[in-house]
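Hi,

Here is the structure I promised to pass on. My notes follow below it.

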Amino acid sequence: MFNKNKKNNSPEKEIENNNFELTQDEDINLVSEEDISEEDENIASEETTLIDNQEDELSKKIEEQTVEEVSEASLFNEESLNEKAEHNYSDEEKYDEILDDEEDEEKSTGLIEAEKAYKKHKRNKTLIKVFSIVLGALALIYIGGAIFFNSHFLPNSTVNGKAVSFKTSAYLTDEMKNEVSDYSLHLVGTKGTSAYIKGKDIDAKFKDDKEAEKLITNQDNALWFTSFWKHNNIKKQIGVTYDKTKLNSLLKEMPMLDKKKQIPSENAKPVFDGSKYIVKAEVIGTSIDNKKFKEVLEKSIDGFLREVNLEDEGCYIKPEYVSTSDKVIAATAAMNSYLKAKITYNLNPTTLVVDAKTIAPWISVDKDMRVKFNEAKVTDYVQKLANKVNTFGKTRNFKTATGQIVKVEGGDFGWVVDKDAEKTTLVANIKNGDVVTREPIYSQKAVSHAANDDYGTTYAEVNLTTQHMWYIKNGKVIMDTDVVTGNPNNGHSTPQGVYQIVFKQSPAVLKGEVKNGKPEYETPVTYWMPFNGGIGFHDANWQPYFGGDRYKIGGSHGCVNMPPEMAKKLYGLIATNTPVICHY
């Protein structure tokens with residue numbers, strides 16, 4: 001409908017114009033046609049085709065828009081047309097302006113995209129070239145390193161503490177040879193002890209056994225690069241010869257090996273502190289394990305070590321048990337369980353106590369920390385108890401009814417501890433942790449534990465010299481009478497000593513020693529109170545009188561003859577187990 005005076009510029013001319021506009025407005029440097037390679041020309045051709053297609057589509061849209069606008073314009077009144085004319089703004093000019101702007105924009109965008117694609121392609125080619133070069137370089141370095149370390153020690157390598165990184169086996173061998181001449185080994189002991197062994201004193205010489213070459217051969221050369229962050233500490237015997245006889249002579253003069261000067265180690269163990277068992281800490285001594293010492297010494301010399309710590313190498317004889325050992329702790333607890341026992345012996349009026357202090361020496365541990373209860377020591381204690389308590393057979397200082405002090409020997413009266421039974425009971429008390437007060441177990445009892453007075457204050461006294469007897473009860477004379485004792489002239493003297501009433505019998509028949517199948521005598525009595533076998537108190541109505549010297553001519557076979565009325569009285573007063581003291 002409108003006359004379109006569209007500029008008929010060729011595509012090449014438009015590109016040139018656009019290139020000029022881009023240069024002026026956006027400062028974009030474009031690539032000249034001469035610099036574009038054949039591949040780039042193909043890309044530009046594809047982009048041009050794309051732009052033409054887009055231009056056709058845009059033209060169609062503009063035509064459609066123009067038709068629409070014309071239709072709308074026909075509806076405008078004349079006043080609207082005049083107004084547009086006043087503004088000098090024609091539809092044809094608007095169309096041309098829109099078309100030109102869109103064409104310019106599309107062409108510029110296409111060229112920019114083409115340039116970006118080219119630069120990306122070129123950059124990728126460059127990266128590939130760089131990566132290939134780096135990879136090749138790394139391969140060459142790896143292969144070179146593998147070849148190099150076939151004859152050299154790896155990085156961070158030491159041999160017996162000597163740095164040998166990047167060195168050859170020849171270097172290590174030469175170093176070893178040089179060190180032999182001034183070689184010395186420092187032996188570091190405990191508690192400040194030390195000693196030196198010099199190579200010249202034992203005729204030390206280097207022996208080239210190709211061991212250095214073997215060390216390099218055994219390296220993991222395929223992974224040589226890992227040695228830059230890993231340490232390769234090699235401990236190996238390097239060939240050396242020396243005079244062992246001279247070495248042994250040198251060791252004999254070494255103070256730290258002198259047995260007399262060594263302090264033996266001691267195990268931790270339970271010890272009694274006065275109230276309980278505690279763990280005594282172990283003692284680390286200076287006694288040396290000679291076999292282990294020689295092994296370490298030979299290895300150190302063979303390896304050209306300059307110093308060796310004997311304690312670190314286990315050359316000292318150390319305690320088998322330390323304070324924290326389970327067996328030591330368990331043994332201590334077991335021993336303390338025995339100390340819970342407390343046995344109090346009632347020795348009226350005194351007491352004797354078996355407590356922790358008494359028991360502790362009876363308990364010990366063996367070399368394997370097993371608790372041992374020494375029953376032999378318990379036996380010794382019970383024997384001492386018996387020696388203290390027993391009065392049987394002892395000589396007594398006796399105060400007579402008349403106030404005289406006489407020595408009384410013999411008899412069968414007195415305390416007697418049953419040692420076997422007492423030991424068994426005491427061991428059981430201790431092992432059970434018993435706390436108990438009791439008497440010792442006796443096989444025979446007396447009356448009192450007072451010194452020289454085990455017969456107490458109630459007893460019968462017979463003076464064999466004055467032929468008189470007394471019955472004392474609670475320290476007071478209750479009765480006394482003359483008596484007739486055994487006839488000394490025919491060998492029937494009444495024995496002195498302390499005895500006790502065994503039993504009482506009324507009536508009874510006294511029988512003598514059996515001879516020819518018959519008793520020597522048979523004498524009936526009314527009151528019979530024996531105290532020493534067949535000897536005892538009894539009534540004797542056949543005696544014409546009592547006391548004086550009657551016993552020398554009409555004395556008994558050993559019994560104490562009493563007037564019948566006095567025998568009756570005594571029988572009613574005296575009890576079984578009452579002491580009887582016969583003296584001169």
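Quick one to start: are F398 and Y455 buried or exposed? F398 is buried, and Y455 is too (buried is under 20% relative accessible area, exposed over 50%, partly exposed in between, with a 1.4 Å probe and protein chains only).

Before the rest, note that this is a predicted model, where local features need pLDDT of at least 70, side-chain atom pairs count only at pLDDT 80 or more, and totals for chains, interfaces and linings use all residues. Residues are numbered from 1 along each chain as its sequence is written, and side-chain values use heavy atoms, with hydrogens and water left out.

On aromatics, there are 19 pairs in the structure (rings of Phe, Tyr and Trp, the last by its six-membered ring, with centres within 6.5 Å; planes under 30 degrees apart are stacked, over 60 edge-to-face, the rest tilted). F398 and Y455 are edge-to-face, because their ring centres are 5.6 Å apart and their planes stand at 75 degrees. F398 sits in strand β15 (residues 396-399) and Y455 in the loop between β19 (442-444) and β20 (459-463), so this pair ties together parts 57 residues apart in sequence (strands are DSSP runs of E, at least two residues, numbered from the N terminus).

There's also one aromatic cluster formed by Y142, F148, F149, F166, W224, F225, F228 and W229.

Two lysines are worth a look as well. The charged end of K167 sits over the ring of Y171, 4.9 Å from its centre, and K504 lies over the face of Y571 at 4.7 Å from the ring centre (the cut-offs are NZ of Lys or CZ of Arg within 6 Å of the ring centre and within 35 degrees of the ring normal).

Cheers

Definitions and conventions: Helix = DSSP H or I, 4+ residues; strand = E, 2+ residues; numbered from the N terminus.
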